[in-house]
Amino acid sequence: MDLLNALVAILNFVVIPASAYGAQLALGALGVTLIYGILRFSNFAHGDTMAFGTGITILLTWGLQALGISLGPLPSALLALPLAIALTAVLVLVTDRLVYRHYRRVKAAPIVVVMASVGVMFVMNGLTRLLIGVDEIQFADGARFVVSVPQFKAMTGLDEGLALRTTQAITLVLTAAAVWALFAFLNRTRSGKAMRAYADNEDLALLSGIDPERVVRLTWIIATALAVTAGVLYGLDKSFKAFNYFQILLPIFAAAIVGGLGNPLGAVAGGFVIAFSEVALTYPWKKIAEYLGFEPASLLQLLSTEYKFAVSFVILIVVLLVKPTGLFRGKSY
Amino acid sequence: MSSTRRADAPASPLRAPLLFAAVALLYVLEGTLSNAWFSGSWNSALTILNMGLISAVTALGVNMIWGYGGLFNAGVVGFLALGGLAPVLIATPAVPGAWAAGGPRVLLALAAGLGALALAAAVARRTPPVWRVPAAAVVVLAGYVLFRAVLDPAVAAIESNNPAKAGNIGGLGLPVLLSWPVGALFAAAAAWAVGKVALGLRSDYLAIATLGIGEIIIAVLKNEGWLARGVLNMTGVPRPVPYELDLQADPAFVARAAGWGMDVATASGIWVKLCYAGLFVVVLVALIALSELALRSPWGRMMRAIRDNEIAASAMGKDVTRRHLQLFVIGSAVIGLAGAMMITLDGLMAPGGYNPLRYTFLIWVMVIVGGSGNNWGAVLGALLIWFLWIKAEVWGPAAMALLTAPLPDGPIRTHLIDSAPQMRFIAMGAVLLLVLRFAPRGLLPER
């Protein structure tokens, strides 16, 4: 029986990675849910927007590195992030002008707009491929660890090590800041209130003199900022590979639906629900069981890591069966 | 879709034949002209045509789901891959010792898993609402533990049976054509399960759920080595047509090839591809005939009524969700059939190759461009888009080299030419967006 070591192992292998991953999913799901709330369609191009923004960030990071500019212990990608967000937002706004605006005007069925977003996904995917290729890219620089395993062991004298990578710490801090800023914006500012009003009831919002096009532009800009941040954090934490950003679409959608589509608070909660379930179900619990004095014969791994997407899917199915509006009552129409 | 339908004048009756002739001309040019744009090889033209015909069958399935139901299946790749499992399980020769090692136990495990799900559904229906979720969860959890307890040792036993060459459960050794309807059944079963959950809710839930099931099916095929050797790929799936080498050894065929004035290697390749093309055309024509008949029946009128106005149709007493489920299952079955045909054509099951952009969203481009709701449109779109998709890989760099000719040779020009094949993603996206925006009814509008 070794409770302390077991706790450290749980922290190291489950809590920290799942928190970082959950934060990344939450940022992605926030973008999806905002677009759903205001523009009323599921944006299939969201993953590729993340990939495109991350691609730009990587190019800018390389530029910074070539100039010899760095943030010291922090990854230089953070310095490139604002400009990458701006560039991606310009592209997304152009897309809205060229593609989505028409469907708003003719009040097309949501599924037609989803189809249009598939077209946008193709274009974005091609642009990302053109820009940076399909290979795996590591672009994290600066210090690797806030706390490394040997440091932690020397500090505490425990057998079990704990590592906190810089990218994980940055993910958590940046996500907290972004979520705080978003909620402050939505709840305190005039523009934020206009957005919520528009999401709540389009006609009433129009009657109160809210400019719908302005609300839509704001939504795209905020969703893009969240998407690119999520993409860069995910890329820093793991690595950048364009196809992974398509695959992450499923957990992001699942997170948004679990929380209730159109509900920002739900999206954050959903992101963490999905991430913790995924990590907890694919982690082999053998080591922890041993610390607790059991002698398990198997690895105690409920699901092999290749099936991690099945976790999001099953959660999605359960939510659809039990409570289609999600945990936080999103839009059910 | 109803929202994009306009009461414009009916298209000219010559429109369809002319467009088909134009697409046929593309294939003929590929077979005859030899220049920078076309290869001038009938082998190449027929290779593109065969895959185009399979894409056409897939597009027919998607068209049933989208064109007649207005439902979005974003997991076409999964249903295609599931259908492709059928030739492997039905037609490949049995692996000695594999069935004895764990076959019955695998079946038992699958039965236990499905039984647990059915039991959970029954329990959920019978218990009071408060207990519904926990009771069903307990049943599912117990079922999962039982499933893994039976399955895991069986899988280990099968995979350790001759792992270098086999390690899979093996097939039944039946004729490969028999596996085509089985592939359709596999896909239909998966579609029923997904549709049962996701239909009747908001329209994009089905899209997201199918996106998920698509990825999961691919993950299962990649990782369950006992099923079809996973990423080790399954080669040697039997063919319904003769092998090139047998033809070349056959004196009668050699004489016939000489009569055509071709060398034997080319002639045998072309002959085999023509046999495949013949089979595929038969399937395609049968499917179109069946679905046109169905659409002219009272059932078809009901389906169109539901698509055009769900509320009115349900007010007339039609069970919209049930009909949607029916349509979704039938359409997915057609996709599964196409998947089985594709594996039969390739003779190879390689789950690593199932890319959603290529097998889900490209099919969608075909359907939208061809004309949603029109079977002939789906076929036309498939043949056209598939041809362009393949040739764009060649044309892209050529066009880019031409465009960048004024630039000095250097890293920028090299990068642009090298990445030109990626341009086809942009081109396909642009085509989809343009058609959706300016000609939402496609090349061949629904009558």
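A polar contact, as I use the term, is a pair of N or O atoms within 3.5 Å, where within protein one must be able to donate a hydrogen and the other to accept it, and where residues adjacent in sequence count only if both atoms are side-chain atoms. Across the interface of chain B and chain A, the rule finds five residue pairs in polar contact, both residues being at pLDDT 80 or more.

The model is predicted, with local features needing pLDDT of at least 70 and side-chain atom pairs counting only at pLDDT 80 or more, while totals for chains, interfaces and linings use all residues. Residues are numbered from 1 along each chain as its sequence is written, chains are lettered from A and ligands numbered from 1 in the order in which they are written, and side-chain values use heavy atoms, with hydrogens and water left out.

Let me stay with the interface. By contact, meaning heavy atoms within 4.5 Å, 49 residues of chain B meet 50 residues of chain A. The two chains bury about 4500 Å² between them, 76% of it on carbon and sulfur atoms, where buried area is the accessible area (1.4 Å probe) that two parts lose on being put together, summed over both. Of the area that chain B buries against chain A, Arg202(B), Ile208(B) and Glu215(B) supply 14%, more than any other three residues.

The expected span is 1.5 Å times one less than the number of residues, so the 15 residues of H14(A) should span 21 Å, and the end C-alpha atoms, 22 Å apart, agree with that. Buried means under 20% relative accessible area, with a 1.4 Å probe and protein chains only, and the buried residues of H14(A) include Phe309(A), Phe313(A) and Leu320(A). Their cover includes H10, H11 and H12 of chain A together with H6 and H7 of chain B.

Finally, two individual residues. Ser19(A), in helix H1 of chain A, counts as buried because its relative accessibility is 13%, and beyond its neighbours within four places in sequence it is in contact with Leu172(A), Phe272(A) and Phe276(A).

Notes:
Helices (H or I, at least four residues) and strands (E, at least two) are DSSP runs, numbered from the N terminus. Buried means under 20% relative accessible area, exposed over 50%, partly exposed in between (1.4 Å probe, protein chains only).
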